[in-house]
Amino acid sequence: MMKHPNLIDQAEALVKTHGGRATRTRTMVLAFLLSQHKAMTHYQIEHTLGEQIKMDRVTLYRTLEWLTEKGLAHKFLSNQDRAWRFLVNDRPAHSHQHPHFACTQCDKVVCLDKIKSTYDIPLPEGYQMQGLEMTVKGLCVSCA
């Protein structure tokens, strides 16, 4: 990971662009996600980065939640082990409120940009929607 200083610089710039302090943890976690080509669990991130930076589980959870809230990462529930996985949002300007395709075999996740991402969902009186998650499950081209 430290072998890719351009990813660290890119991560730091993205954090600052999205109104956050570019702490070492935020920068390193985002740079790690940028270096991956698949979604990673909290444990995988902690296990890999734990050798490079000292952070506790709560700090990592908060960092991942912040990255998700700012649209820098996607968070979804894995089909295989029912663990939350995090994937870098390679288009941070792109709204996080859009559907994803998740491969049930390899856990690859891709954004489904051509599917309608706004829905008029009738909720009971007084209820307020804060977000909507939609995941299409199946086999990716490599696993099919």
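Q: Read along the sequence, what pattern does the protein follow?
A: Helices here are DSSP runs of H or I with at least four residues, strands are DSSP runs of E with at least two, and both are numbered from the N terminus. Read in that way, this protein follows the pattern α-α-β-α-α-β-β-β-β-β, and its secondary structure comes to four helices and six strands. The model is a predicted one, in which local features need pLDDT of at least 70 and side-chain atom pairs count only at pLDDT 80 or more, while totals for chains, interfaces and linings use all residues. Residues are numbered from 1 along each chain as its sequence is written, and side-chain values use heavy atoms, with hydrogens and water left out.

Q: What is the order of the strands in the sheet that holds β1, β2 and β3?
A: To read a sheet, one asks which strands are partners, and two strands pair if DSSP finds at least two bridges between them. This open sheet of three strands has the order β1-β3-β2, and its pairing is antiparallel. Because β1 (40-41) and β2 (73-77) stand at the edges with a single partner strand each, one side of each is left without a neighbour in the sheet.

Q: How many bridges join β2 and β3, and which residue stands opposite F76?
A: The strands β2 and β3 pair in the antiparallel sense over five bridges, and F76 stands opposite R85 in β3. On the other pairing, β1 and strand β3 (residues 84-88) are joined, also in the antiparallel sense, over two bridges, with M40 opposite F86 in β3. As a general idea, in a regular strand the side chains alternate between the two faces of the sheet.

Q: Why is β3 described as largely enclosed?
A: A residue is buried when its relative accessible area is under 20%, exposed when it is over 50%, and partly exposed in between, using a 1.4 Å probe and protein chains only. Four of the five residues of β3 are buried, so this strand is largely enclosed by the rest of the structure. In the protein, buried residues make up 40% of the 144 residues.

Q: Is R85 buried or exposed, and which residues does R85 touch?
A: R85, which is found in strand β3, has 7% relative accessibility and therefore counts as buried. Contact means heavy atoms within 4.5 Å, and, not counting residues up to four places away in sequence, R85 touches A39, M40, T41, Q44, H74, K75, F76, S78 and D107.

Q: At what angle do the axes of α2 and α4 cross?
A: Axes are lines fitted to C-alpha atoms, for helices over the stretch in contact, and angles run from 0 to 180 degrees between N-to-C directions. The axes of helix α2 (residues 24-35) and α4 come within 10 Å and cross at roughly 65°. Angles under 35 degrees count as roughly parallel, over 145 as roughly antiparallel, 65 to 115 as roughly perpendicular and the rest as oblique, and α2 and α4 are therefore roughly perpendicular to each other. In this contact, T25, R26, V29, L30 and L33 in α2 meet T59, L60, T63, L64, W66 and L67 in α4. Helix α4 (residues 57-69) also lies across β2 and β3, running at about 110° to β2.

Q: How do α2 and α3 pack, and which residues meet there?
A: The helices α2 and α3 (residues 42-49) pack at an angle of about 110°, with their axes 11 Å apart, and they are therefore roughly perpendicular to each other. M28, V29, F32 and L33 in α2 meet I45, T48 and L49 in α3.

Q: Where is M134 found?
A: M134 is found in the loop between β5 and β6, and, with a relative accessible area of 32%, M134 is partly exposed. The C-alpha atoms of M134 and H98 are separated by 7.2 Å, although these residues are 36 residues apart along the chain.
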